[in-house]
Amino acid sequence: MKKICLDLEIYTYQIDFVGHVNNSVYQQWMEIGRTKLLEAVGMPIHAIAERGFVPILVQTNITYKNPLYLGDRVRLELWLSELRAASAILDFRFFNGDNTLIAEAQQKGLFIDRETKRPRRLPTKERELFNAYVVSEFSANSNRETAKV
């Protein structure tokens with residue numbers, strides 16, 4: 001079981017009027033993580049779009065635990081906690097440079113046919129590409145293999 005792990009930077013334009021990272025930035029970081037996951041399994045977004053299907057989000061939940069400030073380092077960890085025929089649940093954890101948990105998030109994604117806009121089931125071969133990144137909730141906090149991207 002693997003996790004996607006990204007080191008991210010904070011830029012001045014990501015800071016809100018309170019002086020910390022704006023909450024909308026977390027969703028941008030999750031978009032980067034999802035893109036890296038698709039690349040890691042060999043299904044980059046441009047390639048699957050050409051094949052007639054795309055991922056969409058149907059739900060996002062974020063719990064903010066601590067603020068991030070300009071100059072902080074950010075580490076994002078991402079894995080799948082559930083993989084179904086046409087959907088998946090992605091889990092995200094954000095840490096600062098001191099390894100303090102900053103935020104936890106979960107998103108539900110769905111593959112859809114570009115023309116019909118209806119859910120598209122992944123064939124078994126494509127679903128198997130994601131299996132390495134499916135991590136049970138019990139093992140999510142353990143030191144499993146992490147894919148640095």
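Visitor: Quick one to start. Does Arg34 count as buried or exposed?
Guide: Arg34 counts as buried, at 15% relative accessibility. The cut-off for buried is under 20% relative accessible area. Keep in mind that this is a predicted model.

Visitor: Where does Arg34 sit, and which residues is Arg34 in contact with?
Guide: Arg34 belongs to helix H1. Leaving aside neighbours within four places in sequence, Arg34 is in contact with Leu57, Leu78, Leu90, Phe92 and Gln107.

Visitor: How far is Glu39 from Asn96?
Guide: Their C-alpha atoms are separated by 25 Å. Along the chain, Glu39 and Asn96 are 57 residues apart.

Visitor: And Thr12 to Leu70?
Guide: That pair is 58 residues apart in sequence. In space, C-alpha to C-alpha, Thr12 and Leu70 are 6.7 Å apart. Thr12 is in the loop between strand S1 (2–8) and helix H1 (23–40). Thr12 is exposed, with a relative accessible area of 59%.

Visitor: Let's zoom out. How many helices and strands are in the chain?
Guide: Three helices and six strands. From the N terminus on, the order is β-α-α-β-β-β-β-α-β.

Visitor: Why call the chain as compact as a globular protein of that length?
Guide: The radius of gyration is 16 Å, close to the 15 Å that the globule rule gives for 149 residues, so the chain is as compact as a globular protein of that length. The C-alpha atoms fill a box of roughly 45 × 35 × 25 Å along the principal axes.

Visitor: What share of the contacts join residues at least 24 apart?
Guide: Among contacts between residues at least 6 apart in sequence, 67% join residues at least 24 apart.

Visitor: Now the inside. What percentage of the residues is buried?
Guide: Buried residues make up 40% of the 149. The largest nonpolar core has 32 residues. Those with the most contacts inside that core are Tyr26, Trp29, Leu37, Leu68, Phe92, Phe94 and Phe130.

Visitor: Which elements give two or more residues to this core?
Guide: S1, H1, strand S3 (74–83), strand S4 (87–96) and strand S5 (101–113). H1 gives the largest share, six residues.

Visitor: Switching to backbone. What phi does Asn99 have?
Guide: Asn99 has a positive phi of about 65 degrees, although Asn99 is not a glycine. Asn99 is in the loop between S4 and S5. At 46% relative accessibility, Asn99 counts as partly exposed.

Visitor: And what phi does Lys117 have?
Guide: Lys117 has a positive phi of about 65 degrees, and Lys117 is not a glycine either. Lys117 lies in the loop between S5 and helix H3 (124–130). Lys117 is exposed, with a relative accessible area of 55%.

Visitor: Last topic, surface and charges. How far apart are the mean positions of the charges?
Guide: The mean positions of the 20 positive and 18 negative charges are 6 Å apart. The accessible surface comes to about 8500 Å², of which 48% belongs to carbon and sulfur atoms.

Methods:
Residues are numbered from 1 along each chain as its sequence is written. This is a predicted model: local features need pLDDT of at least 70, side-chain atom pairs count only at pLDDT 80 or more; totals for chains, interfaces and linings use all residues. Side-chain values use heavy atoms; hydrogens and water are left out. Helices (H or I, at least four residues) and strands (E, at least two) are DSSP runs, numbered from the N terminus. The radius of gyration is taken over C-alpha atoms; the globule rule is 2.2 Å times the number of residues to the power 0.38. Buried means under 20% relative accessible area, exposed over 50%, partly exposed in between (1.4 Å probe, protein chains only). Contact means heavy atoms within 4.5 Å. Accessible areas come from the Shrake-Rupley method with a 1.4 Å probe; for residues, only the protein chains shown count as cover. Lys and Arg count as positive and Asp and Glu as negative; His and the chain ends are not counted. The place of a charge is taken as NZ of Lys, CZ of Arg, CG of Asp or CD of Glu. A nonpolar core is a set of buried Ala, Val, Leu, Ile, Met, Phe, Trp, Tyr and Cys residues joined through side-chain atoms within 4.5 Å.
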